[in-house]
Amino acid sequence: VHQGPRSSRDVAAVAAAVAAAGVGQSTMSILEYNGGAIIAMTGKNCVAIACDTRLGLQQQTVSCDFQKIFKMNDKLMLGVTGLATDVLTLQQLLKFKLNMYKLREEREMKPETFSWLLTSVLYEKRFGPYFTEPVVAGLNEKNEPFLSAMDLIGAPVMTKDFVVSGTCTANLNGMCETMYRPDMEPDDLFETISQCLLASVDRDALSGWGAMVHVITPEGTTSRRLKGRQD
């Protein structure tokens, strides 16, 4: 049946119905709302963790100095991507638990122990989770590197080479698989993780705008700020 051209009122009504039904609109994961990217990578008796510095509201950039990596102790760092409010809430809760452990045990918590503590905290809230994807990087008592990452309900993965988290994990994994070499010295590790992060976030609209890189060695931690593309 042939129908004549619709009036502008009919077109507007159809457009409103489509918009109300959400047809053609892609749904966004809440984990991607604020954007972010984190890599952690192992070297020879050292470990590095790096993040971008962008805080956004979807495509709108709010700040380019948002902290996503937190120092837990001299040989342990926590990186968290996801919803910014939950990032800060989770970090403060874990710092409290870490301080209580130190007071009670009179020693620092090992990275392996901290990783299982974090898994337990996340799984405890599994029915109303923290919308975060944490990464743990540190050196154990033998100064051997330790890496772990987990999803928002605490399902952990431990690895000997690198872990990634954030809105451009496909880019990060590809770059790390290409450039990672085992047993890198601290300077080589810094250069490698920096290039992997910057190359990856340049191809992601929700992360970037600069980076922070921390390299943990038995002698201490070296932190450097990197400039990134501002577009």
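This is a predicted model: local features need pLDDT of at least 70, side-chain atom pairs count only at pLDDT 80 or more; totals for chains, interfaces and linings use all residues.
Student: Why is threonine 81 called buried?

Tutor: Its relative accessible area is 3%, and buried means under 20%; threonine 81 therefore qualifies as buried. The residue is found in strand S6, residues 76–82.

Student: What makes the pairing of the side chains of threonine 81 and serine 165 a polar contact?

Tutor: The two side chains are paired at 2.7 Å, and the cut-off for such a pair of N or O atoms is 3.5 Å. The distance lies within the cut-off, so the term applies.

Student: How do you know that the length of helix H2 agrees with its number of residues?

Tutor: Helix H2 covers residues 84–105, which is 22 residues, and at 1.5 Å a residue these should span 32 Å. The end C-alpha atoms are 31 Å apart, which agrees with that expectation. Just after H2, glutamate 106 takes a positive phi of about 60°.

Student: Which residues of H2 are buried, and how do you know that they line one face of the helix?

Tutor: The buried residues are Ala84, Asp86, Val87, Leu90, Gln91, Leu94, Leu98 and Tyr101. Viewed down the axis of H2, the buried residues fall within an arc of 145°, so they line one face. Thr85, Gln92, Leu103 and Arg104, on the other side of H2, are exposed.

Student: What do the buried residues of H2 pack against?

Tutor: They pack against strands S3 (55–57), S5 (69–73), S6 and S7 (132–139), and against helix H3 (111–124). S6 is the strand that contains threonine 81.

Student: How do the axes of helices H4 and H5 cross, and is the crossing left-handed or right-handed?

Tutor: The axes of H4 (residues 169–179) and H5 (residues 186–201) come within 9 Å and cross at roughly 145°. H4 passes H5 in a right-handed crossing. At this crossing, Asn171, Leu172, Met175, Cys176 and Met179 in H4 meet Thr192, Gln195, Cys196, Leu197, Ala199 and Ser200 in H5.

Student: Which residues of H5 are buried, and what do they pack against?

Tutor: Leu189, Phe190, Thr192, Ile193, Ser194, Cys196, Leu197, Ser200 and Val201 are buried in H5. These residues pack against H4 and against strands S1 (37–42), S2 (47–52), S11 (211–217) and S12 (220–226). H5 itself has 16 residues and reaches 22 Å from its first C-alpha to its last, close to the 22 Å expected at 1.5 Å a residue.

Note on methods
Residues are numbered from 1 along each chain as its sequence is written. Side-chain values use heavy atoms; hydrogens and water are left out. Helices (H or I, at least four residues) and strands (E, at least two) are DSSP runs, numbered from the N terminus. Buried means under 20% relative accessible area, exposed over 50%, partly exposed in between (1.4 Å probe, protein chains only). A polar contact is a pair of N or O atoms within 3.5 Å; within protein, one must be able to donate a hydrogen and the other to accept it, and residues adjacent in sequence count only if both atoms are side-chain atoms. The expected span of a helix is 1.5 Å times one less than its number of residues. The arc is that of the directions from the helix axis to the C-beta atoms. Contact means heavy atoms within 4.5 Å. Axes are lines fitted to C-alpha atoms, for helices over the stretch in contact, and angles run from 0 to 180 degrees between N-to-C directions. A crossing is left-handed if the near helix is turned anticlockwise from the far one by less than a right angle, and right-handed if clockwise.
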